[in-house]
Amino acid sequence: MILSVPLAVAVIGLFIGSFLNVCIHRIPRGESIVFPSSSCPGCGARIRPWDNVPILSYLILWGKCRSCKGKISIRYPLVEALSALLALAMLYRFGLNASFAVYYVWTCALLVITFIDLDHQIIPDSLSIGGIVAGLALVWWMPVSYLDALIGLGLGAGLLIAVIYGYFFLTGKHGMGGGDVKLLGMIGVFTGWQGVLFTIFTGSLVGSLVGIPWALLQRKNMQTAIPFGPFLALGAFIYVLFGEPIIAWYFGILA
Ligand SMILES: [Zn+2]
């Protein structure tokens, strides 16, 4: 009985993850996320419902399309699993209430943004600006005040604009894009200003730890090496899940 709520949440998370795969594929191509139903990217054959069960179908079909036997990316079951884990993480954080629903949908948007940014180096406005509008409309169900959300929005966008102009002033090059500005503004609505500072710090730290070795290995220019959006998304997720205890611990050490 105690386990039944997390189990149900995880299963729903898997099916929502299946929908998120559709979003990741179609939103940057400007296609509808509702119609038509899913088809194999290789041969175009329609995927029947019993071949579209999260994770299980991938395992039963050995990661191959039933029609053309083309390889199905491991990313499909990965996104489904991540979606279920995000749902469980938000359940653990908020309990079964409206905040859980709001923040689970928000982490789903961050997940979709992460993979679209990795694939296309863009962050669609429908997700960033759409998230800002949705967040401001749902503040009542969030653990931030309306003022906090607005300050978070202004600080998030303003801070990155300052970083972009500062970087351009110092190096004459463009480091980040406008998509990151709108994303950090959107994150600020859901986390308040403390979350913005935590996100930019954590995102930059993890981004450097991963990005610098990766760029050296690839022998690529740092500017084009790796998109920043996924690291902002990760930093924001860590803040919502563990931000308060981490900040309390940090200031406890200082004091
Ligand atoms: Zn196929």
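1. Which residues does Glu-80 touch, not counting residues up to four places away in sequence? In this predicted model, Glu-80 touches Leu-14, Gly-17, Ser-18, Pro-54 and Ile-55 under that condition. Glu-80 sits in helix α3. Glu-80 counts as buried because it has 25 C-beta neighbours inside 10 Å, where 20 or more are needed. Gly-154 is 74 residues from Glu-80 along the chain, and the C-alpha atoms of the two are separated by 33 Å.

2. On the overall fold: the protein has nine helices and zero strands, and its pattern along the sequence reads α-α-α-α-α-α-α-α-α. The radius of gyration is 19 Å, close to the 18 Å given by the globule rule for 255 residues, so the protein is as compact as a globular protein of that length. Along the principal axes, the C-alpha atoms fill a box of roughly 60 × 50 × 35 Å.

3. Among contacts with a separation of 6 or more, 69% are accounted for by residues 24 or more positions apart.

4. On the domains: the protein is divided into domain 1 (1–96) and domain 2 (97–255). Their centres, taken over C-alpha atoms, are separated by 25 Å. In the contact between them, 18 residues of domain 1 meet 17 residues of domain 2. On the side of domain 1 that touches domain 2, the elements giving two or more residues are α1 and α3. Helix α3 gives the most to this side, with ten residues. The residues of this side of domain 1 divide into 15 nonpolar, two polar and one charged.

5. On the core: the largest nonpolar core has 55 residues, of which Val-112, Ile-113 and Leu-184 touch the most other members. Two or more residues each come from α1 (4–26), α3 (75–94), α4 (98–120), α5 (125–137), α6 (146–171), α7 (178–218) and α9 (229–254). The largest share, twelve residues, comes from α4. The core lies between domain 1 (1–96) and domain 2 (97–255), because both give residues to it.

6. On one core member: Leu-184 is among the residues that touch the most other members of the largest nonpolar core. Leaving aside neighbours within four places in sequence, Leu-184 is in contact with Gly-156, Ala-157, Leu-159 and Leu-160, and also with Val-196, Thr-199, Ile-200 and Leu-232.

Conventions. Residues are numbered from 1 along each chain as its sequence is written. This is a predicted model: local features need pLDDT of at least 70, side-chain atom pairs count only at pLDDT 80 or more; totals for chains, interfaces and linings use all residues. A nonpolar core is a set of buried Ala, Val, Leu, Ile, Met, Phe, Trp, Tyr and Cys residues joined through C-beta atoms within 7 Å. A residue is buried if 20 or more other C-beta atoms lie within 10 Å of its own, exposed if 12 or fewer, and partly exposed in between; C-beta atoms are placed from the backbone. Helices (H or I, at least four residues) and strands (E, at least two) are DSSP runs, numbered from the N terminus. Domain bounds come from an automatic or database domain assignment. Two residues are in contact if their C-beta atoms, placed from the backbone, lie within 7 Å. The radius of gyration is taken over C-alpha atoms; the globule rule is 2.2 Å times the number of residues to the power 0.38. Ala, Val, Leu, Ile, Met, Phe, Trp, Tyr, Cys and Pro count as nonpolar, Asp, Glu, Lys and Arg as charged, and the others, Gly among them, as polar.
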